[in-house]
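Thanks for coming. Please have the sequence and the model open while I talk.

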Amino acid sequence: MVAASQARVLAVRDLGFKRGERWIFRHLDFELRAGDFMALVGPSGVGKSTLLFCLCGFRRPDEGEVSLHLPG
């Protein structure tokens with residue numbers, strides 16, 4: 001059994017989103033485990049909010065997947 005602090009909570013695999021014919025981001029892969037944090041930084045217009053909308057399910061990515069695994 002995996003300890004709760006080591007359990008994968010959020011997994012992003014090969015995530016991509018495009019607006020029209022332009023890719024906003026592509027091939028994103030990362031995992032966050034319980035207790036982890038991540039900072040999204042960058043200038044205006046580079047896709048930070050779009051990524052968050054995809055992670056929350058408010059926008060559907062054009063490729064890849066987002067998986068949420070809640071412990072317990």
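First, the ground rules. This is a predicted model, where local features need pLDDT of at least 70 and side-chain atom pairs count only at pLDDT 80 or more, while totals for chains, interfaces and linings use all residues. Residues are numbered from 1 along each chain as its sequence is written, and side-chain values use heavy atoms, with hydrogens and water left out.

Now the core. A nonpolar core here is a set of buried Ala, Val, Leu, Ile, Met, Phe, Trp, Tyr and Cys residues joined through side-chain atoms within 4.5 Å. Buried means under 20% relative accessible area, exposed over 50%, and partly exposed in between, with a 1.4 Å probe and protein chains only. The largest such core has eleven residues, among them Leu10, Phe17, Ile24, Phe30 and Leu55. The elements giving two or more residues to this core are β1 (8–19), β2 (22–33) and α1 (48–56). Helices (H or I, at least four residues) and strands (E, at least two) are DSSP runs, numbered from the N terminus.

Next, the salt bridges, meaning a side-chain nitrogen of Lys or Arg within 4 Å of a carboxyl oxygen of Asp or Glu. The count comes to three. Arg13 and Glu31 meet at 2.4 Å, N to O.

The remaining bridge joins Glu63 and Arg26, with the closest N and O atoms 3.1 Å apart. Glu63 is in strand β3 and Arg26 in strand β2, 37 residues apart. Glu63 is buried, because its relative accessible area is 18%, whereas Arg26, at 40%, counts as partly exposed.

Where is Asp62? Asp62 is in the loop between α1 and β3 (63–68). Its side chain reaches the backbone nitrogen of Lys18 at 2.7 Å, a polar contact (a pair of N or O atoms within 3.5 Å; within protein, one must be able to donate a hydrogen and the other to accept it, and residues adjacent in sequence count only if both atoms are side-chain atoms).

Last, the rings. Phe53 and Phe58 have ring centres 6.3 Å apart and planes at 65°, so the pair is edge-to-face. Rings of Phe, Tyr and Trp (its six-membered ring) pair if their centres lie within 6.5 Å, with planes under 30 degrees apart counting as stacked, over 60 as edge-to-face and the rest as tilted. Phe58 is exposed at 63% relative accessibility.
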